[in-house]
Amino acid sequence: MSENTMLHPESPVTGQTRMDSAWGSQTGDEDVHAKVTQANVDAGQIFEQEYKPWDGKLNPRWMRNWAILRHHLLGIVFKGHRPWGVITRIVLLLIFLGSLSSAAMVLLSGVVGDSTLVSMWGINRENLYGHVLGFFPRNIIFYPIIAAILVGGMISEDRSNGTSALYFSRPISRVDYTSMKFLSIAIILFFVIDGTLAVYYFSEVLVMGRGWSWILDTFPMFLLAAFSGILLAITYTSIGLALSSLSKGRFFPGIGLLAVIMGTKTLAAIIEALFDKTILYVISPYDCIAHIAQSLMSIESTYQHPWTWSLASIVCINIGALYILTARVSTLEVTRE
Amino acid sequence: MMPDFTQTGKSEDTTSTTKDNVPVVVFKNVSKQYGQISALTDISLAISGGVTGILGMNGAGKSTLFKIIMGKIRPSGGQIRLFGEDPWKNQSPYARTGFVPEHEKMHDWMTAIDFVTTFARLNGMTREEARLEAERVLTFVELADVMHKQIGRFSKGMRQRVKIAHALVNDPDLIVLDEPLQGCDPLARTSIMNVIRELGRLGRTVLVSSHILSEIERITEQIVILHKGRLLAIGNLHAIRDLLDQHPHKIAIRCEQPKRLAKDLIDIDEVTTVSIPAKDELIVETKHFGVVHNLLPSIIVKNNHHVWEIDNPDDNLQSILEYLTGGLP
Amino acid sequence: MIQRLEQQGRIMVESLLIETKNLTKSYGPHVALDDLNLSIPHGATGLLGPNGAGKSTFLKTMLGLIQVTSGEGSILGHDIRTEGEQIRSKIGYMPEYDALNPKMDAIYQVKYSGELLGMNPNIALSRAHQALEYVGLGEQRYRTVETFSTGMKQATKLACALVHDPNLIIADEPSNGLDAKAREFMLQTLENTVRQGQKSVLMASHLMEDVERVCENIVLLHKGKLAAQGKIEDLKAIDKEVEIHVWGHATKMEEGLLDKGMNVRREGRVMRVRYQDESTYHTILSIAAKCGTQIRKMHDHEASLEDLFLVIMERLGYDVKGSEALLGDLS
């Protein structure tokens, strides 16, 4: 340090005061730039209504129908589709499991290895028949009840909610609507009756190690039983949907279906007990199908009348139900009046 | 030539007075206190015949006023007379009164005619009389074609009209309506306004309260203005406006050559200000509304001014209230 | 009998939104639609008429849902007799009554309504989001419909109708039963859809104020026949009136006007004088000057659609007190 710049305690600051200039200022000759950005005001709750167009393609008819089917079927498990009630889903699950009881018995008997168990629960003509058309517990509890809760609000909800307008103001025909609803119930019933039948059959094949000759022997029976199951599913669906189309409520169709199935059977049973005639069983859908199945599968008939009468009856019942269904669906409204 | 009317509020519309020539509702220095709070202070008024609008914001004292009129509460001070009688615990004036409160539970399951018939029977009529009377009043409120339908299916406006109908049973001389247009759709509003005006034309005394100025303006020119429990003004709204002469009246005129018209109008003594806010508009201010309006048509016609619109921008309830309350809500 | 009020100097529009020729629909002896000849241009049109006038039947024929007895019609260029499916793919219909599953979330309901048109599920979902945002239900889209107020349900129905961006939205009583705020928003949304979205709207309503707000044109049906059709503006121009508020000698004034051959209506101090030409104002003022009457207010009376409706009905010979008569029978 030179003498000039020595710091004395009395005057600690010497020379010029510190000079600072703002960062960025150079000689003053430069081109200075500025930009004012749009003040980003937080609009908060201000609602901007902006119409957004769409120019996608609409898929054809089968896709629309598939959408209806998906809506009803997926709704059982997933959210975002037709809301099935909790109770409905639980009952469906329980009955499905109950329906698998035959397969469970096969597994059990395979594990245990007891031949009496095998002959009791194994695949044979009677047991295949029994899986589909055995009265207790399947046809007094499982299948009627599952059918009843499935048909519950199917058509009636569209009438009471007015959602029929949603369907028919779109390019969905009444035939499409009805068929898809029908299919969705029939498919579920098909799984509960015939799906479990298949599990039953194939678990025997697996557990008992059945060979091809056995399969060749028993498969026709399996098919016939499955066919009867389809008949059952279709018939219950027809009657149930017809009832659902008649009412506006959720419970009437289900209870009505049970009443029809049980009531007709009971009435016919009473007549049989009193007069020893089985003819009245033609009014009972279950018995008609049972009768047909019995004759198809060469099981001893419990009925006095020819099976063709039962066939005719079941065809009539289905036609009648479908007629009511289509007539009522055609009254579902889009506009008022 | 001076016209032979005064500015104290008589228009060509004359309404008949009540049968006995006694004012229907009289308040003399009425006050009502609830503990420390003064709901009404020193209210004096006399109402008779025609439709009177009771105006005031919520809390101004309208409901208290109505409760006193309907005999539900007693004034803390002052006197009230209904048809010349003290209504406190006295049923007789109420035989001639119909009340349409703001909120009332209606029996939704009943049909309109059953509801009114039942009410009429409760008033001592025979079944036949009651039925006829119910038909009469329901027709009066224009519900004739739906009187056999359930009240539960009516719109808000129709329900209001049923309420009004049942208050009209026995043809009362005094009808009191508390916020009758509340929540009604535009059609119902028009319908109810028509009914109220018609009642006034028939000579009944109708009191209507509302806090919506534009609605009252469409119904009547006779008003009572309440503010914080006090009576601010009573009478014909134009007359009231005239009395507020510290606020000069404005007359707005739309014409082709405002400057030319301005020159002619400024010559009138009573005109204090002339302004030209737009190229086709002229605003004149005066403390002598009537005088200027008297001269206006002849001036326009004589000097061939092309005028297509005349308006009084501050001769309305909104302005009156602002001027009276100093712009307070 | 007014069959159709022609618009003054109307330029022929090449493509009309809806066109019908001698459209007739009978149910046995009852004629629901009687020889309708409609020309509805693109834009917003109000469909007016009492219950029983044939509005619902008309809408059903337009949607291709019922067969016409005779005559023809086209909507968006499609024949209503044969192309029902295409029509319903291009239209969004917003029903009057409940049309939603109460237990479904709004978003899934709108998505399903898109899928029912043939939209791919994921596209339907994204459009559902857009539609619900547009109608102001962005925050509520995951709530079930049963928790919604009436206004929200209406908005959801509108979203269902808008999901596929249709060229025409048919709204059936869209503001019915809504409180002031919800009504305002619904009308604003419809207006926006017409102006910003450039869509056409056919709005059936008995609330004239609402129709006037959203629509430029109207079609009035009565007992199956066409009572009036045209632009609201043009229809109003037919009977323009000048309204005056007088003070003093009102009766003398009225007589003076009548003497001069003016058409006058009077209610106390208020009079309405039929507008003839620019000189009408001068005539009014000169008579006032002569009678010594003050003209406190004078202005062109802007007829509301309600007034227009009453005039039309009167001319048709019906003693109708208000457009509430459009509600007719409560169903």
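Four salt bridges are counted between chain A and chain C in this predicted model. One of them can be followed atom by atom: the side chain of Glu85(C) meets that of Arg64(A), with 3.2 Å from N to O. Across the interface of chain A and chain C, 19 residue pairs are in polar contact, both partners having pLDDT of 80 or more.

Three helices of chain A each give two or more residues to the side that touches chain C, namely helix H1 (61-74), helix H7 (156-161) and helix H8 (164-168). The most comes from H1(A), which supplies seven residues.

Chain A brings 37 residues to the contact, and chain C brings 56 residues. Together the two chains bury about 4300 Å², and carbon and sulfur atoms account for 54% of that area.

Finally, one residue of chain C deserves a look of its own. Arg183(C) lies in helix H6 of chain C, a helix that covers residues 180-195. Is this arginine, Arg183(C), buried or exposed? Its relative accessibility is 17%, so Arg183(C) counts as buried, the cut-off being under 20%. The side chain of Arg183(C) also has a polar partner within chain C: the side chain of Asp210(C), at 2.7 Å.

Technical notes:
Residues are numbered from 1 along each chain as its sequence is written. Chains are lettered from A and ligands numbered from 1 in the order in which they are written. This is a predicted model: local features need pLDDT of at least 70, side-chain atom pairs count only at pLDDT 80 or more; totals for chains, interfaces and linings use all residues. Side-chain values use heavy atoms; hydrogens and water are left out. Helices (H or I, at least four residues) and strands (E, at least two) are DSSP runs, numbered from the N terminus. Buried means under 20% relative accessible area, exposed over 50%, partly exposed in between (1.4 Å probe, protein chains only). A polar contact is a pair of N or O atoms within 3.5 Å; within protein, one must be able to donate a hydrogen and the other to accept it, and residues adjacent in sequence count only if both atoms are side-chain atoms. Contact means heavy atoms within 4.5 Å. Buried area is the accessible area (1.4 Å probe) that two parts lose on being put together, summed over both.
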